[in-house]
Amino acid sequence: MKKSLYITTTLPYVNADPHVGFAMEAVQTDAIARYHRLHGAEVFFNTGTDEHGQKIFQKAKGENRDVVEYVDYYAGQFRKLKALLNLSNDRFIRTTDPDHIAAAQELWRRCLAAGDIYKKKYKGLYCVSDEMFVKEADLVNGRCPNHPTLDLVEIEEENYHFRLSAYQDKLLEYLSHDGVILPEWRRLEAINFVKGGLEDFSISREKSRMSWGVPVPDDDSQVMYVWFDALTNYISTLGWPDDKEGKFKKFWIDGEVVQTAGKDQVRFQSIMWQAMLMSAKIKPTDKVVYHGFINSGGQKMSKSIGNVLDPYQIVEMFRPVAGECATDVLRYYLLRHVNTFDDSDMTEETIRDAYQANLANGLGNLVSRVMTMASINEIKTRQVVLDWFDSHKTFQDQDQLMNNFEFDKAMNAIWSKISLCDHLIQTEEPFKLLKVDFGKAKITIEALLQYLVEITIKLRPFMPITAQKIEALIKENKKPEAPLFARL
C-alpha cells in the first residue's frame with residue numbers, strides 16, 4: 001500500500017432508512033481506513049448519499065413531500081451512522097452539494113470534448129429501482145433480474161448517450177491486471193461482460209419528464225442520468241477539478257484508490273465508471289472490492305416479509321449489557337460472521353448467540369480474568385510490550401489478510417489467539433500457582449498480558465472502542481470495574 005490511501009463506499013440512495021447491508025459496507029471500509037492510519041498511512045475515507053434520480057423523485061411525490069425536504073431528511077439518517085457505527089470518514093458527501101454538481105458538469109464537458117457524448121432517440125425498458133435500462137437479453141420472465149416483482153417502464157425519448165462501446169479494448173486491458181477487482185471471480189465476471197460486447201448507455205433524461213437531477217451543461221431541456229452524476233462523487237469529494245487543497249493529487253493521482261461496493265455494482269463501478277474516467281483523461285480506480293449481500297432467515301431482507309434488520313435497533317439491543325461497546329457488538333458481527341465476499345445470513349438470534357459465545361464468554365471473560373490476576377498481584381506488562389501501543393506495530397498474519405480484505409479471516413485469527421489464552425489459563429492454572437509458585441505464575445501471566453496486548457492492537461480497526469478500553473486497563477494495570485460484555 002502506498003503512503004496515502006483513498007477509500008470510499010458507494011453512495012446509498014436516500015429512499016429509505018439505512019439498513020444493515022449498507023452498515024456492513026461502511027464498517028468494512030472503515031476497518032481498512034483505520035488499519036492503514038494505525039500503520040502510518042495518510043488516509044481519506046469518503047462516504048455520503050446519492051440524492052437524484054427518478055426513484056427518489058417518485059418516492060417523495062408518493063409521500064406528498066417536497067423532494068428537497070425528503071432528501072435532507074434521509075441524508076440526515078445516513079449521516080447519523082457515523083456516530084452509531086463509530087465511522088472515521090473524512091467527508092460525508094451529498095450529490096446535492098454545490099461542489100459536487102459543478103464537478104459532475106465538468107466531467108460531462110470533458111467526456112463531451114473527447115467525443116464520447118452524443119444525442120439520439122432511444123426506446124427501451126427502464127427499471128426505476130436500478131435507475132437503468134434493461135436489455136431484452138437480460139430480462140427474466142419479462143422483468144429486471146434484480147427486481148423480479150416490479151414492472152418495467154417503456155420509455156422513448158431523445159437524450160444523450162455515452163460512447164461506452166469505444167472503450168472495450170481499454171477496459172479489457174485495465175481488467176487484465178490481477179487485483180484490480182476483488183474477489184477474483186468478480187474480475188472474471190467483468191471481463192466476460194466486456195467481451196460480450198458493450199452498448200452505449202443513456203446519460204440524460206428529459207427535464208420535462210423528470211426534473212430532479214443535475215442540469216446538463218448548455219442544454220436546459222435535459223438533466224443528467226443519476227449514475228453519471230453519482231459516480232462523479234468519488235473525485236468531487238477530493239476537490240476535483242479545482243483541487244485547491246491538493247487532495248485530489250495526493251490521494252487519487254499519487255495514492256492508492258480503493259472503492260468498496262456490493263456484488264451487483266460490477267458493471268457500474270468497474271466498467272461504466274472506469275470508461276468515464278478514461279474519457280476524461282483521469283487515472284482509473286486501482287481496486288474495487290465487492291462484497292456479498294446479507295440475507296435474514298434464509299430470505300432477502302424485505303419490509304413486506306418483516307425481516308429487515310435495523311442497525312440502530314441492533315446497537316440499542318446490546319446497550320444494557322455492553323454500554324459504550326454496544327457499537328462494537330454490531331461491528332464485530334459484521335466483520336467476523338458476515339463473509340467478506342459471499343452472501344451471509346443474519347438474524348437477531350445469530351447475533352445474540354455470537355455475542356454470548358465470543359464476546360461475553362470469550363473476549364470479555366478473558367480480559368477480566370487476566371487483568372484481575374495481574375492487578376491484584378501487581379504483575380505489570382513489560383515496557384517493551386507496552387511500547388507496541390504507541391508505535392505502528394504490525395503483525396504479518398494480519399497484514400496479509402487485511403491487504404486481501406479478508407475481514408472475517410482476520411477476526412477469526414484474533415479469536416484463535418483468545419482461545420490460545422483460554423487454553424493457557426486452563427492448562428497452566430496461574431490462579432492456583434500464585435499461591436505455591438509465584439515466579440512460575442508470573443511468567444504465565446506476563447505471557448498472557450503480551451498476548452492481550454497483541455489482541456488489543458489487532459482489534460483496533462475492528463472494535464476501536466473496546467480496544468481503547470482494554471488498552472487503558474493494561475496500561476493502568478487495572479481489572480474492569482464492570483464486564484466489557486455482560487452475559488445476556
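What is the strand order in the open sheet of three strands, and is the pairing parallel or antiparallel? The order is β9-β11-β10, and the pairing is antiparallel.

The views below come from a predicted model, in which local features need pLDDT of at least 70, side-chain atom pairs count only at pLDDT 80 or more, and totals for chains, interfaces and linings use all residues. Residues are numbered from 1 along each chain as its sequence is written, and side-chain values use heavy atoms, with hydrogens and water left out.

**View 1. The open sheet of three strands, β9-β11-β10****.** Helices (H or I, at least four residues) and strands (E, at least two) are DSSP runs, numbered from the N terminus. Two strands pair if DSSP finds at least two bridges between them. β9 (204–206) and β10 (215–216) are the edge strands; each has a single partner strand, so one side of each lacks a neighbour in the sheet. β10 and β11 (residues 219–224) run antiparallel and are joined by two bridges. Opposite V216 stands D219 of β11. Helix α5 (residues 98–113) lies across β9, β10 and β11, at about 105° to β11. Such angles run from 0 to 180 degrees between N-to-C directions; axes are lines fitted to C-alpha atoms, for helices over the stretch in contact.

**View 2. The open sheet of six strands, β3-β2-β1-β12-β13-β7****.** Pairing here is parallel. β3 and β7 (181–182) form the edges, and each pairs on one side only. β1 (residues 4–8) and β12 (residues 256–262) pair in the parallel sense over four bridges. I7 has V258 in β12 as its bridge partner. Helix α3 (residues 67–79) lies across β2 (42–49) and β3 and runs at about 160° to β3.

**View 3. R94 in strand β3****.** The strand covers residues 91–94. R94 is buried, at 14% relative accessible area. Buried means under 20% relative accessible area, exposed over 50%, and partly exposed in between (1.4 Å probe, protein chains only). The side chains of R94 and D72 are joined by a polar contact of 2.5 Å. A polar contact is a pair of N or O atoms within 3.5 Å; within protein, one must be able to donate a hydrogen and the other to accept it, and residues adjacent in sequence count only if both atoms are side-chain atoms. Not counting residues up to four places away in sequence, R94 touches T49, E51, V71, D72, A75, R79 and H100. Contact means heavy atoms within 4.5 Å.

**View 4. N233 in helix α9****.** The helix spans residues 233–236. N233 is buried, with a relative accessible area of 1%. The side chain of N233 makes a polar contact of 3.1 Å with the side chain of N46. Its contacts, leaving aside neighbours within four places in sequence, are Y6, L11, N46, I93 and H100.

**View 5. Strands β4, β6 and β8****.** 10 bridges join β4 (residues 117–127) to β6 (residues 153–162), and the two run antiparallel. K119 faces Y160 of β6 as its opposite residue. β6 also runs antiparallel to β8 (residues 201–202), through two bridges. There, F162 stands opposite F201.

**View 6. Helix α13 against helix α17****.** α13 (residues 326–336) and α17 (residues 407–428) pack at about 115°, with axes 7 Å apart. That makes the two helices roughly perpendicular. Angles under 35 degrees count as roughly parallel, over 145 as roughly antiparallel, 65 to 115 as roughly perpendicular and the rest as oblique. Y332, L335 and R336 of α13 meet F407, D408, M411, N412 and W415 of α17. By class, this contact has five nonpolar, one polar and two charged residues. Ala, Val, Leu, Ile, Met, Phe, Trp, Tyr, Cys and Pro count as nonpolar; Asp, Glu, Lys and Arg as charged; the others, Gly among them, as polar.

**View 7. F193 in helix α7****.** The helix covers residues 184–195. F193 is partly exposed, at 27% relative accessibility. Leaving aside neighbours within four places in sequence, F193 is in contact with L198, R267 and I271.

View 8. Most residues other than glycine have a negative phi, and most peptide bonds are trans. N64 has a positive phi, near 55°, and is exposed at 74% relative accessibility.
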